[in-house]
Amino acid sequence: LKLADFAKTLVGMQGFCVRAFADALDVIPYTLAENAGLNAIAIVTELRKRHRNGETDAGINVKQGCISKMAQDRVLQPLLVNTSAIHLATECICMILKIDDLVLVR
């Protein structure tokens with residue numbers, strides 16, 4: 001949500017690219033809910049609401065089919081895992097865009 005808000009402050013191609021990146025990240029909780037057999041739209045809407053209200057540790061509890069506080073449920077993941085995955089995915093898409101000549105190579 002914060003990335004999408006930040007994208008609104010940017011203009012031109014930068015704003016468009018950051019918004020597209022934020023949209024791509026929005027797919028993750030939707031896919032998780034859908035793969036768990038939950039109502040993805042309802043779950044993601046509730047998750048966004050909780051994040052907007054400051055519950056930064058709110059997440060999808062696939063066992064109970066609801067949103068709960070991940071720290072209380074002892075669902076923890078090292079930050080390096082997430083940052084590495086996002087970094088690798090970003091590098092991959094940059095290479096694809098360069099191959100397709102959509103981004104100028106510096």
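A salt bridge is a side-chain nitrogen of Lys or Arg within 4 Å of a carboxyl oxygen of Asp or Glu. Keep that rule in mind as we walk through this structure, which is a predicted model.

## Salt bridges

Side chains of opposite charge can pair when their charged atoms come close. By the rule above, the model has six salt bridges. One of them links Arg52 with Asp5, whose closest N and O atoms are 2.8 Å apart. Arg52 belongs to helix H3 (residues 40-52) and Asp5 to helix H1 (residues 2-9), so this pair ties together parts that are 47 residues apart in sequence. Asp5 itself is partly exposed, with a relative accessible area of 29%.

| Pair | N to O distance |
|---|---|
| Arg52 and Asp5 | 2.8 Å |
| Glu46 and Lys49 | 3.7 Å |
| Glu55 and Arg50 | 3.8 Å |

How are Glu46 and Lys49 placed in helix H3? They are three residues apart, which puts about one helical turn between them. Their side chains meet in a salt bridge of 3.7 Å, N to O.

Which residues join Glu46 and Lys49 in a network of salt bridges? Arg50 and Glu55 do, and the four are linked together. Glu46 is partly exposed, with a relative accessible area of 26%. Lys49 also counts as partly exposed, at 48% relative accessibility. For Glu55 the value is 23%, which again counts as partly exposed, and Arg50 is partly exposed at 21%. The limits explain these labels: a residue is called partly exposed because its value falls between the buried range, under 20%, and the exposed range, over 50%.

Lys49 and Leu88 are 39 residues apart in sequence, and their C-alpha atoms are 29 Å apart in space.

Now let us turn to the strands. Strand E1 (residues 58-61) and strand E2 (residues 66-69) run antiparallel and are joined by four bridges. As an example of this pairing, Ile60 has Ile67 in E2 as its bridge partner. The two strands form a hairpin with four residues between them. In the turn, Gly65 has a positive phi of about 70°.

Ser68 sits in strand E2. Is Ser68 buried or exposed? Ser68 is buried, with a relative accessible area of 12%. The side chain of Ser68 makes a polar contact of 2.5 Å with the side chain of Asp73. Leaving aside neighbours within four places in sequence, the residues in contact with Ser68 include Arg50, Asp57, Ala58 and Asn61.

## The largest pocket

Finally, look for open space in the model. The largest pocket holds about 1300 Å³ of space. How many residues line the largest pocket? There are 28, and Pro29, Leu47, His51, Thr56 and Ala58 lie nearest its centre. Several elements contribute: H1, helix H2 (12-35), H3, E1 and helix H4 (79-99) each supply at least two residues of the lining. Which helix gives the most to this lining? H2 does, with seven residues.

Note on methods:
Residues are numbered from 1 along each chain as its sequence is written. This is a predicted model: local features need pLDDT of at least 70, side-chain atom pairs count only at pLDDT 80 or more; totals for chains, interfaces and linings use all residues. Side-chain values use heavy atoms; hydrogens and water are left out. Two strands pair if DSSP finds at least two bridges between them. Buried means under 20% relative accessible area, exposed over 50%, partly exposed in between (1.4 Å probe, protein chains only). A polar contact is a pair of N or O atoms within 3.5 Å; within protein, one must be able to donate a hydrogen and the other to accept it, and residues adjacent in sequence count only if both atoms are side-chain atoms. Contact means heavy atoms within 4.5 Å. On a 1 Å grid over the protein atoms alone, a cavity is a set of points where a 1.4 Å probe fits but cannot get out, and a pocket is an open set with protein on both sides within 12 Å along at least five of seven lines; lining residues have an atom within 4 Å of a point. Grid points are joined across faces, edges and corners, and a volume is the space filled by probe spheres set on the points.
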